[in-house]
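Please examine the points below alongside the sequence and the 3D structure.

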Amino acid sequence: MPAPRRVVIVVFPDVDLLDVTGPAEVFALANREVAGPAGGGRAGYLVQLAGPGGGAVTTSAGVRLLADLSFAEVGGVLDTLLVPGAVDPGPGGPVARIDGEVVEWVRVTAPQARRVASVCVGAHLLAAAGLLDGRTVTTHWSTAAQLAADHPAVTVDPDPIFLRSGNVWTGAGISACMDLALALVAEDLGEEVALAVARQLVMYLKRQGGQSQFSVPLSRPPAARRDIDELRMFIAEHLDGDLSAPALAQRMHLSERHFARVFRQETGTSPASYVEAARVEAVRRLLESTDQPLEQVAAACGIGSVETLHRALRKQTGTSPAAYRRRFRTAG
C-alpha cells in the first residue's frame, strides 16, 4: 500500500473553523472511498494540524481545535500545505489578519510542499509570504480589495470559487473550501472519487473553479427601497416573462425615466443589464445541471433565441454554451 499523501493544515488563534474542518472532512471521506473495493490500492491522505506552539487553538467560532504538531515539529516531506485565514472587524467590513509568525513559517515551509493552497482569507498570508507575486488569485470577496491594495504584484480576481496558478491554489470563502478540497482530490484521485465524496457530503453539485462566488442578487448590495428588493425577487421568479424596462416601470408605477434612475441608484446597474445577468445566471444553472437543448434553455430563461443566448453567455463568461457545459456539467 503506498504511503498516504501528507496534508498539513495551519491553525492559529481565531482561524475560521470551517476553513480547517471542511477540507479535513473532504480528505477523510476520500480516504473512505479509496479504502473500499474500488480503491485500487491508491494512496489516501494523512491530515495533520500544525500551530505556532501546538496544543489547543480557539477558532473564530469559539470551538477549540487540538493541533497535532507545533510549527517546529513539522518536518519531512509535505504533499499539501493548506493555509486558512482569520479576519478582524473593521470600519468598512472584515479585515484579513496578518499573523507574522504564521507568515514567516509559511514562507520557509512552502518550498518543501508539492503544492500550496489557501482557503478564504488565507490568501493574504500566502501573499505576505511572497508566494503570490505574479499570479492571478482569488480570496473571499469581502477582502479582495484589501489583498489587491496590499500586494500590487498580485492580480486579484474576486469572483471565482477557486483558482490554480502552477502549484499554488487559492480559494474563496466559507463553503467554497469544500469545492477547493474536492478539486485537490480530483487532481490526486480522479473525478470519480471527488464526485463520490461530494455525494457523501450531500452537496448540491461539485462546482468548478471558474464559477462565481455569488449569484446575481447576492452580488448587489441590498436596496434601501423595499420595493426595489421586491422587484429583484420578482425578476428572479419570472425570467421567462416580459422584463423590459417599460414593463418593470409600469409594475413599479413609475415613469420609465424615473424608474431607470431609481433602479441604478439602488443597484448600481441598469434594469436591462440586471435582467440580462439574472437570465444568464439561470442559463448557467441549466447548462450545469441538465442536458436540455439550447432552445429549451433559452426559452426557460427568457433569453429568446439560441443566437441571443450565445451572445449573452459569451459576453458574461467569455465562452460558448457548449464549452461551458463541457466544463461545468455535473454528472447526474
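1. C120 counts as buried because its relative accessibility is 3%, where buried means under 20% relative accessible area, exposed over 50% and partly exposed in between, with a 1.4 Å probe and protein chains only. C120 has a positive phi of about 55 degrees, although it is not a glycine. C120 lies in the loop between β9 (113-118) and α3 (122-128); helices (H or I, at least four residues) and strands (E, at least two) are DSSP runs numbered from the N terminus.

2. The model is predicted: local features need pLDDT of at least 70 and side-chain atom pairs count only at pLDDT 80 or more, while totals for chains, interfaces and linings use all residues. Residues are numbered from 1 along each chain as its sequence is written, and side-chain values use heavy atoms, with hydrogens and water left out.

3. H253, also not a glycine, has a positive phi of about 60 degrees. Most residues other than glycine have a negative phi. H253 is found in the loop between α8 (245-252) and α9 (256-267), and H253 counts as exposed because its relative accessibility is 72%.

4. R325 belongs to helix α13 (residues 321-328).

5. The R325 side chain reaches the backbone oxygen of L287 at 3.4 Å. Leaving aside residues up to four places away in sequence, R325 touches L286, L287, T290, D291, Q292 and V297, contact meaning heavy atoms within 4.5 Å.

How values were computed: Polar contact = N/O pair within 3.5 Å; in protein donor to acceptor, adjacent residues only side chain to side chain.
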